[in-house]
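Have the sequence and the 3D view ready.

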Amino acid sequence: MISAVAIFIARVSHRVHRRVTIEPDDVIALVVQPEARALKPVPDAPRLSAASCDSLREIVIVDEHGDHRQIQVPVERPLTVFLDDRELVTLMTLGASPELLVLGYLRNQRVVGDVAAIESITVDWKSGAAAVKTRSGVHDIEVGGVRRIVSTGCGLGTVFGELMTQVDAITLPQTAAGRISQRTLLSVLDTMRQYDAIHRAAGSVHSCALFHGADLLVSVEDVSRHNGVDTIAGWMALHGVAGGDKILFTTGRLTGEMVMKSAHNGIPILVSRNGVTAMGYTQAAKLGMTIFGRAANRRFLCYIGAERFDAEPVAD
(Lines give C-alpha, C1' and ligand atoms only; values in the text may rest on other atoms or scores of the structure.)
Protein backbone atom coordinates (compact mmCIF):
# COMPACT_ATOMS: atom_id res chain seq x y z
CA MET A 1 0.00 0.00 0.00
CA ILE A 2 1.26 3.49 -0.83
CA SER A 3 1.39 5.72 2.24
CA ALA A 4 -0.17 9.17 2.44
CA VAL A 5 3.34 10.61 2.93
CA ALA A 6 4.52 9.00 -0.31
CA ILE A 7 1.53 10.41 -2.19
CA PHE A 8 2.23 13.89 -0.77
CA ILE A 9 5.92 13.70 -1.74
CA ALA A 10 5.03 12.54 -5.26
CA ARG A 11 2.56 15.40 -5.67
CA VAL A 12 5.06 18.01 -4.44
CA SER A 13 7.76 16.54 -6.70
CA HIS A 14 5.35 16.78 -9.62
CA ARG A 15 4.69 20.46 -8.90
CA VAL A 16 8.41 21.25 -8.52
CA HIS A 17 9.19 19.47 -11.76
CA ARG A 18 6.55 21.46 -13.61
CA ARG A 19 8.09 24.73 -12.36
CA VAL A 20 11.39 24.01 -14.12
CA THR A 21 11.69 26.38 -17.06
CA ILE A 22 14.17 27.05 -19.80
CA GLU A 23 15.79 30.44 -19.53
CA PRO A 24 15.15 32.70 -22.54
CA ASP A 25 18.89 33.05 -23.13
CA ASP A 26 19.07 29.27 -23.62
CA VAL A 27 16.41 29.28 -26.33
CA ILE A 28 17.54 29.63 -29.93
CA ALA A 29 14.72 29.55 -32.45
CA LEU A 30 17.02 29.36 -35.50
CA VAL A 31 19.95 26.95 -35.44
CA VAL A 32 22.46 26.91 -38.28
CA GLN A 33 25.04 24.14 -38.10
CA PRO A 34 28.78 24.82 -38.75
CA GLU A 35 28.68 23.21 -42.20
CA ALA A 36 25.83 25.50 -43.17
CA ARG A 37 27.36 28.61 -41.57
CA ALA A 38 30.43 28.14 -43.74
CA LEU A 39 28.42 28.68 -46.91
CA LYS A 40 28.68 32.05 -48.62
CA PRO A 41 25.70 33.95 -50.05
CA VAL A 42 25.17 33.76 -53.79
CA PRO A 43 26.58 36.56 -55.98
CA ASP A 44 24.46 39.72 -55.86
CA ALA A 45 22.60 38.40 -52.82
CA PRO A 46 20.41 40.96 -51.06
CA ARG A 47 21.74 42.81 -48.04
CA LEU A 48 19.92 41.61 -44.94
CA SER A 49 19.56 43.29 -41.58
CA ALA A 50 20.02 41.16 -38.48
CA ALA A 51 16.95 41.96 -36.42
CA SER A 52 16.50 39.94 -33.25
CA CYS A 53 13.90 39.69 -30.52
CA ASP A 54 12.95 37.50 -27.58
CA SER A 55 11.08 34.32 -28.41
CA LEU A 56 9.51 33.76 -24.98
CA ARG A 57 7.57 35.78 -22.44
CA GLU A 58 6.64 34.87 -18.87
CA ILE A 59 3.04 35.05 -17.67
CA VAL A 60 1.32 34.01 -14.43
CA ILE A 61 -1.27 31.23 -14.62
CA VAL A 62 -3.33 29.15 -12.17
CA ASP A 63 -2.82 25.40 -12.55
CA GLU A 64 -5.08 22.45 -11.75
CA HIS A 65 -3.94 22.51 -8.10
CA GLY A 66 -4.95 26.14 -7.66
CA ASP A 67 -1.32 27.25 -7.54
CA HIS A 68 -0.20 30.51 -9.11
CA ARG A 69 3.03 30.09 -11.06
CA GLN A 70 4.95 31.53 -13.94
CA ILE A 71 5.18 29.84 -17.31
CA GLN A 72 6.54 30.86 -20.68
CA VAL A 73 4.59 31.48 -23.88
CA PRO A 74 5.89 32.16 -27.39
CA VAL A 75 5.94 35.82 -28.41
CA GLU A 76 3.96 36.09 -31.63
CA ARG A 77 4.49 39.36 -33.49
CA PRO A 78 3.05 40.97 -36.60
CA LEU A 79 5.59 41.80 -39.29
CA THR A 80 4.28 43.93 -42.14
CA VAL A 81 6.17 43.48 -45.40
CA PHE A 82 6.58 46.53 -47.65
CA LEU A 83 7.71 45.78 -51.18
CA ASP A 84 9.23 48.90 -52.75
CA ASP A 85 7.17 51.01 -50.32
CA ARG A 86 3.93 49.14 -51.12
CA GLU A 87 2.31 47.23 -48.29
CA LEU A 88 2.17 43.58 -49.31
CA VAL A 89 1.27 41.38 -46.34
CA THR A 90 1.48 41.05 -42.57
CA LEU A 91 3.09 37.84 -41.32
CA MET A 92 2.58 36.55 -37.78
CA THR A 93 5.90 35.21 -36.52
CA LEU A 94 8.27 34.65 -33.60
CA GLY A 95 10.87 36.50 -35.61
CA ALA A 96 13.69 33.96 -35.34
CA SER A 97 15.14 35.18 -38.61
CA PRO A 98 12.63 37.60 -40.11
CA GLU A 99 14.83 38.48 -43.08
CA LEU A 100 15.04 34.84 -44.20
CA LEU A 101 11.31 34.43 -43.55
CA VAL A 102 10.49 37.38 -45.81
CA LEU A 103 12.91 36.22 -48.50
CA GLY A 104 11.46 32.70 -48.47
CA TYR A 105 7.91 34.04 -48.45
CA LEU A 106 8.58 36.17 -51.53
CA ARG A 107 10.17 33.19 -53.28
CA ASN A 108 7.45 30.72 -52.37
CA GLN A 109 4.70 33.18 -53.26
CA ARG A 110 6.31 33.63 -56.69
CA VAL A 111 6.77 37.36 -56.11
CA VAL A 112 10.45 37.05 -57.03
CA GLY A 113 12.38 34.32 -58.78
CA ASP A 114 16.09 35.09 -58.55
CA VAL A 115 17.10 36.51 -55.16
CA ALA A 116 19.46 38.86 -57.02
CA ALA A 117 16.34 40.83 -57.94
CA ILE A 118 16.20 42.02 -54.31
CA GLU A 119 18.65 44.69 -53.22
CA SER A 120 17.93 44.59 -49.49
CA ILE A 121 15.58 43.41 -46.74
CA THR A 122 15.55 45.55 -43.61
CA VAL A 123 13.52 44.59 -40.54
CA ASP A 124 12.70 47.10 -37.81
CA TRP A 125 10.87 45.57 -34.85
CA LYS A 126 10.08 48.99 -33.36
CA SER A 127 7.76 49.65 -36.26
CA GLY A 128 7.04 45.98 -36.94
CA ALA A 129 8.00 46.41 -40.58
CA ALA A 130 10.17 44.67 -43.15
CA ALA A 131 11.25 46.96 -45.99
CA VAL A 132 12.06 45.04 -49.18
CA LYS A 133 13.86 47.03 -51.86
CA THR A 134 14.22 45.53 -55.32
CA ARG A 135 16.88 46.47 -57.85
CA SER A 136 14.57 47.37 -60.72
CA GLY A 137 11.05 47.16 -59.33
CA VAL A 138 8.65 44.23 -59.28
CA HIS A 139 5.94 44.38 -61.91
CA ASP A 140 2.50 42.82 -62.25
CA ILE A 141 1.94 42.38 -58.51
CA GLU A 142 -1.57 43.10 -57.36
CA VAL A 143 -0.86 44.48 -53.92
CA GLY A 144 -4.23 46.25 -53.76
CA GLY A 145 -5.56 48.38 -50.95
CA VAL A 146 -6.75 45.60 -48.64
CA ARG A 147 -4.36 44.64 -45.90
CA ARG A 148 -3.66 40.89 -45.89
CA ILE A 149 -2.80 39.21 -42.62
CA VAL A 150 -1.39 35.69 -42.71
CA SER A 151 -2.51 33.81 -39.60
CA THR A 152 -0.37 31.39 -37.67
CA GLY A 153 -2.13 28.19 -38.58
CA CYS A 154 -3.91 28.47 -41.92
CA GLY A 155 -2.58 28.02 -45.41
CA LEU A 156 -1.82 31.16 -47.34
CA GLY A 157 -3.99 30.23 -50.27
CA THR A 158 -2.13 32.21 -52.94
CA VAL A 159 0.98 30.12 -53.60
CA PHE A 160 -0.98 26.92 -54.19
CA GLY A 161 -3.10 28.27 -57.02
CA GLU A 162 -0.05 29.81 -58.70
CA LEU A 163 2.07 26.69 -58.39
CA MET A 164 -0.71 24.42 -59.59
CA THR A 165 -0.51 26.11 -62.97
CA GLN A 166 3.21 25.32 -63.08
CA VAL A 167 3.23 21.83 -61.58
CA ASP A 168 4.31 20.23 -64.86
CA ALA A 169 7.43 22.43 -64.89
CA ILE A 170 8.64 21.13 -61.51
CA THR A 171 11.32 18.48 -61.96
CA LEU A 172 12.55 16.53 -58.95
CA PRO A 173 15.60 14.23 -58.99
CA GLN A 174 15.27 10.63 -60.08
CA THR A 175 14.81 8.04 -57.35
CA ALA A 176 18.45 6.98 -57.59
CA ALA A 177 19.61 10.52 -56.76
CA GLY A 178 17.18 11.48 -53.99
CA ARG A 179 16.90 8.59 -51.52
CA ILE A 180 16.58 7.93 -47.80
CA SER A 181 17.41 4.86 -45.73
CA GLN A 182 15.63 3.77 -42.60
CA ARG A 183 18.82 4.45 -40.64
CA THR A 184 18.88 8.03 -41.93
CA LEU A 185 15.19 8.52 -41.21
CA LEU A 186 15.57 7.36 -37.61
CA SER A 187 18.63 9.59 -37.22
CA VAL A 188 16.59 12.60 -38.43
CA LEU A 189 13.89 11.86 -35.84
CA ASP A 190 16.49 11.44 -33.06
CA THR A 191 18.21 14.69 -34.01
CA MET A 192 15.01 16.74 -34.04
CA ARG A 193 14.26 15.83 -30.43
CA GLN A 194 17.25 18.02 -29.56
CA TYR A 195 16.03 21.08 -31.47
CA ASP A 196 12.67 21.89 -29.95
CA ALA A 197 13.69 24.21 -27.11
CA ILE A 198 10.78 26.60 -27.54
CA HIS A 199 8.26 23.77 -27.81
CA ARG A 200 9.62 22.18 -24.61
CA ALA A 201 9.57 25.50 -22.81
CA ALA A 202 6.22 26.81 -24.00
CA GLY A 203 4.58 24.66 -26.68
CA SER A 204 2.43 26.35 -29.35
CA VAL A 205 5.08 26.29 -32.10
CA HIS A 206 6.15 24.19 -35.08
CA SER A 207 9.63 23.04 -36.07
CA CYS A 208 11.04 22.81 -39.57
CA ALA A 209 14.50 21.59 -40.55
CA LEU A 210 16.63 20.85 -43.59
CA PHE A 211 18.86 17.75 -43.66
CA HIS A 212 21.57 16.53 -46.02
CA GLY A 213 21.35 12.83 -45.37
CA ALA A 214 21.49 12.45 -41.60
CA ASP A 215 23.28 15.78 -41.19
CA LEU A 216 21.22 18.71 -39.95
CA LEU A 217 21.89 21.97 -41.80
CA VAL A 218 19.28 24.43 -40.49
CA SER A 219 16.37 24.20 -38.07
CA VAL A 220 13.81 26.80 -37.06
CA GLU A 221 10.86 27.06 -34.69
CA ASP A 222 7.98 29.42 -35.42
CA VAL A 223 4.27 29.81 -34.78
CA SER A 224 3.29 28.18 -38.08
CA ARG A 225 4.62 25.41 -40.28
CA HIS A 226 4.45 27.77 -43.26
CA ASN A 227 6.83 30.21 -41.57
CA GLY A 228 9.19 27.32 -40.98
CA VAL A 229 9.33 26.15 -44.58
CA ASP A 230 9.52 29.76 -45.84
CA THR A 231 12.49 30.47 -43.56
CA ILE A 232 14.24 27.32 -44.77
CA ALA A 233 13.49 28.33 -48.37
CA GLY A 234 14.94 31.78 -47.70
CA TRP A 235 18.15 30.29 -46.34
CA MET A 236 18.44 27.95 -49.33
CA ALA A 237 17.88 30.75 -51.83
CA LEU A 238 20.36 33.09 -50.12
CA HIS A 239 23.12 30.47 -50.25
CA GLY A 240 22.24 28.79 -53.54
CA VAL A 241 21.54 25.45 -51.86
CA ALA A 242 19.83 22.93 -54.13
CA GLY A 243 17.11 20.70 -52.69
CA GLY A 244 17.55 17.55 -54.76
CA ASP A 245 19.57 15.64 -52.18
CA LYS A 246 17.88 17.16 -49.12
CA ILE A 247 15.21 16.08 -46.63
CA LEU A 248 12.69 18.49 -45.15
CA PHE A 249 11.41 17.76 -41.64
CA THR A 250 8.36 19.43 -40.12
CA THR A 251 6.18 18.93 -37.09
CA GLY A 252 3.17 20.24 -39.04
CA ARG A 253 0.70 18.44 -41.26
CA LEU A 254 1.59 18.03 -44.91
CA THR A 255 -1.12 19.79 -46.85
CA GLY A 256 -1.11 20.30 -50.60
CA GLU A 257 0.42 23.73 -50.11
CA MET A 258 3.25 22.43 -47.92
CA VAL A 259 4.01 19.73 -50.48
CA MET A 260 4.04 22.24 -53.32
CA LYS A 261 6.30 24.65 -51.43
CA SER A 262 8.79 21.85 -50.82
CA ALA A 263 8.65 20.76 -54.46
CA HIS A 264 9.15 24.36 -55.61
CA ASN A 265 12.44 24.30 -53.67
CA GLY A 266 13.44 20.99 -55.26
CA ILE A 267 13.12 18.86 -52.11
CA PRO A 268 11.87 15.33 -52.90
CA ILE A 269 11.58 13.86 -49.39
CA LEU A 270 9.34 15.15 -46.59
CA VAL A 271 9.16 13.88 -43.01
CA SER A 272 6.43 14.98 -40.59
CA ARG A 273 5.51 14.14 -37.03
CA ASN A 274 1.96 14.84 -38.16
CA GLY A 275 0.03 13.32 -41.06
CA VAL A 276 -0.73 14.12 -44.67
CA THR A 277 -3.97 15.36 -46.21
CA ALA A 278 -5.52 13.79 -49.29
CA MET A 279 -4.48 16.82 -51.34
CA GLY A 280 -0.92 16.57 -50.06
CA TYR A 281 -0.86 12.88 -50.92
CA THR A 282 -2.22 13.46 -54.42
CA GLN A 283 0.28 16.23 -55.19
CA ALA A 284 3.20 14.20 -53.83
CA ALA A 285 2.20 11.25 -56.01
CA LYS A 286 1.96 13.47 -59.09
CA LEU A 287 5.39 14.99 -58.41
CA GLY A 288 7.16 11.75 -57.51
CA MET A 289 7.86 12.81 -53.92
CA THR A 290 8.32 10.64 -50.85
CA ILE A 291 6.32 11.43 -47.73
CA PHE A 292 6.72 10.05 -44.21
CA GLY A 293 4.14 10.92 -41.58
CA ARG A 294 3.27 10.04 -37.99
CA ALA A 295 7.05 9.88 -37.62
CA ALA A 296 8.25 9.87 -34.01
CA ASN A 297 10.74 7.77 -32.07
CA ARG A 298 11.11 4.63 -34.19
CA ARG A 299 7.63 4.62 -35.71
CA PHE A 300 6.55 6.10 -39.03
CA LEU A 301 4.32 5.62 -42.08
CA CYS A 302 5.60 5.95 -45.63
CA TYR A 303 2.49 7.33 -47.31
CA ILE A 304 3.86 7.61 -50.83
CA GLY A 305 7.14 7.29 -52.73
CA ALA A 306 8.48 4.06 -51.21
CA GLU A 307 10.68 3.67 -54.29
CA ARG A 308 13.01 6.28 -52.73
CA PHE A 309 13.07 4.44 -49.40
CA ASP A 310 15.65 1.80 -48.45
CA ALA A 311 13.44 0.14 -45.86
CA GLU A 312 15.74 -2.44 -44.32
CA PRO A 313 15.01 -2.39 -40.56
CA VAL A 314 17.74 -1.02 -38.30
CA ALA A 315 18.83 -3.38 -35.54
CA ASP A 316 18.25 -2.15 -31.97
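Start with Asp-230 and Lys-261: their side chains meet in a salt bridge, 3.1 Å from N to O. (A salt bridge here is a side-chain nitrogen of Lys or Arg within 4 Å of a carboxyl oxygen of Asp or Glu.) This pair ties together distant parts of the chain, as Asp-230 sits in helix α7 (residues 225-239) and Lys-261 in helix α8 (residues 256-264), 31 residues apart. Helices are DSSP runs of H or I with at least four residues, numbered from the N terminus.

Both Asp-230 and Lys-261 are buried. Buried means under 20% relative accessible area, exposed is over 50%, and partly exposed is in between (1.4 Å probe, protein chains only).

## About the model

This is a predicted model, where local features need pLDDT of at least 70 and side-chain atom pairs count only at pLDDT 80 or more, while totals for chains, interfaces and linings use all residues. Residues are numbered from 1 along each chain as its sequence is written, and side-chain values use heavy atoms, leaving out hydrogens and water.

The whole structure holds eight salt bridges. One joins Asp-63 to Arg-69, with the closest N and O atoms 3.1 Å apart. Asp-63 is buried at 13% relative accessible area, and Arg-69 is buried too, at 9%.

Asp-245 and Lys-246 also pair up, at 2.6 Å between the closest N and O atoms. Here Asp-245 is partly exposed at 37%, whereas Lys-246 is buried at 8%. Arg-47, Glu-119 and Lys-133 form a salt-bridge network.

## A tucked-away helix

Now find helix α5 (residues 182-192): eight of its 11 residues are buried, so the rest of the structure largely encloses it. Among the buried ones are Leu-185, Val-188 and Met-192.

Definitions and conventions. Helix = DSSP H or I, 4+ residues; strand = E, 2+ residues; numbered from the N terminus.
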